[in-house]
Amino acid sequence: MNCLACTAPLISAAQLCDACTRGLDVRLAELPGQYLLLAEHLRPGAARGDGPVALVREAPLPVREDVLAMRAAGGMVTVLESWREAMQDARGWGQPARTGTIERRIIAAARGLQLNLEFIAAEFVGAGDLAQEIRALAGQVNALLDPAPPTLSVGECAADLGGGDICGAPLRVPAGTTTVRCRRCGTNYPPSSWLTLATGTWAPAGAAA
Ligand SMILES: [Zn+2]
Ligand SMILES: [Zn+2]
């Protein structure tokens, strides 16, 4: 039997390996706070500290549509609530309530999934898709929160965060430098490694495509 999220072989009968379970746990814990942080990234350049906000208060402010979509119904809240609903359904429980502000709903849905992580990892047949979707969601959120100006992209961080949980944060070459450092986990990538990163052929031992 193999992990449904990363295909690593499992020692005992389960849906997810320990690394994917831990990664899911961490991401579910981080997402509500990241949702709040996204509010500060609604205006282009806001996170870069381009100047006092008061000076431009009178002008119509442009809004980052990608950040708006992530914070609105259909974004992060819908991914989390849909999975919580599917999980509760699999346990034979009723539908969870979807009440309150989007912020409250995100906290409730992420918490509901975290509290049932043991069941998810052991028995939930959708666990592989759940882990992969939450990993992709966290990746998108991290990219939105990344205040670095658009520079040369060299792919995704291939660092193993422990037991096969791959970091996956977007990597960029900052203007005027030849040092690529993952903003999430701190791994350094020398220029000689950029091509393998960019082409996705970086292959950490035992990893699946
Ligand atoms: Zn796994
Ligand atoms: Zn990384």
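Predicted model: local features only at pLDDT ≥ 70, side-chain atom pairs only at ≥ 80, totals over all residues.
Local features were considered at pLDDT of at least 70 and side-chain atom pairs at pLDDT 80 or more, whereas totals for chains, interfaces and linings use all residues. Residues are numbered from 1 along each chain as its sequence is written, chains are lettered from A and ligands numbered from 1 in the order in which they are written, and side-chain values rest on heavy atoms, with hydrogens and water left out.

The protein chain contains 7 helices and 4 strands, where helices (H or I, at least four residues) and strands (E, at least two) are DSSP runs numbered from the N terminus. In order from the N terminus, the elements follow the pattern α-α-α-α-α-α-β-β-β-β-α. Of the 209 residues, 36% count as buried; buried denotes under 20% relative accessible area, exposed over 50%, and partly exposed the range in between (1.4 Å probe, protein chains only). Among contacts in the protein chain with a separation of 6 or more, 60% involve residues 24 or more positions apart, a contact being a pair with heavy atoms within 4.5 Å. The chain exposes about 11500 Å², of which carbon and sulfur atoms supply 56%; accessible areas come from the Shrake-Rupley method with a 1.4 Å probe, and for residues only the protein chains shown count as cover.

The protein donors of the zinc ion (ligand 1) are the SG atoms of Cys3, Cys6, Cys17 and Cys20, which lie 2.3 Å from the ion. Donors are N, O and S atoms within 2.8 Å of the metal (3.2 Å for Na, K and Ca); water is not among the atoms, so sites may look incomplete. Along the chain, these donors have the spacing C-x2-C-x10-C-x2-C. The arrangement around ligand 1 is tetrahedral because its 4 donor atoms subtend angles of 106 to 115°. Four donors count as tetrahedral if all angles lie between 85 and 135 degrees. For comparison, the ideal angle for four tetrahedral donors is 109.5 degrees.

Cys182 is buried, with a relative accessible area of 1%, whereas Cys185, at 29%, is partly exposed. A search of the whole structure for disulfides (pairs of cysteine sulfur atoms within 2.5 Å) returned 0.

Two further buried residues illustrate the packing of the chain. Gln15 is located in the segment before helix H1 (18-38) and has a relative accessibility of 12%, so it counts as buried. Beyond its neighbours within four places in sequence, Gln15 contacts residues including Met1, Cys3 and Leu10, as well as Ile120, Phe124 and Ala127. Ile106 belongs to helix H4 (residues 102-115) and is buried, with a relative accessible area of 1%. Residues up to four places away aside, Ile106 touches Pro32, Tyr35, Met76, Val77 and Leu80. The C-alpha atoms of Ile106 and Val79 are 9.4 Å apart, although the two residues are separated by 27 residues in sequence.

The structure holds 6 salt bridges, each defined as a side-chain nitrogen of Lys or Arg within 4 Å of a carboxyl oxygen of Asp or Glu. Asp165 pairs with Arg27, with the closest N and O atoms 3.5 Å apart. Because Asp165 lies in the loop between strand S1 (152-156) and strand S2 (170-173) and Arg27 in helix H1, this pair ties together parts that are 138 residues apart in sequence. Both partners are buried, Asp165 at 7% and Arg27 at 5% relative accessibility. A salt bridge also links Arg98 to Glu81, at 3.4 Å between the closest N and O atoms. Arg98 lies in the loop between helix H3 (76-90) and H4, and Glu81 in helix H3, so the pair joins parts 17 residues apart in sequence. Arg98 is partly exposed at 38%, whereas Glu81 is buried at 4%. Asp165 additionally meets Arg135 in a salt bridge (3.4 Å, N to O). Since Arg135 lies in helix H6 (residues 127-145) and Asp165 in the loop between S1 and S2, the pair ties together parts 30 residues apart in sequence. Arg135 is partly exposed, with a relative accessible area of 26%. Salt bridges that share partners join Glu81, Glu85, Arg98 and Arg105 into one network.

Technical notes. Tetrahedral: all angles 85-135°; square planar, octahedral: opposite > 155°, others 65-115°.
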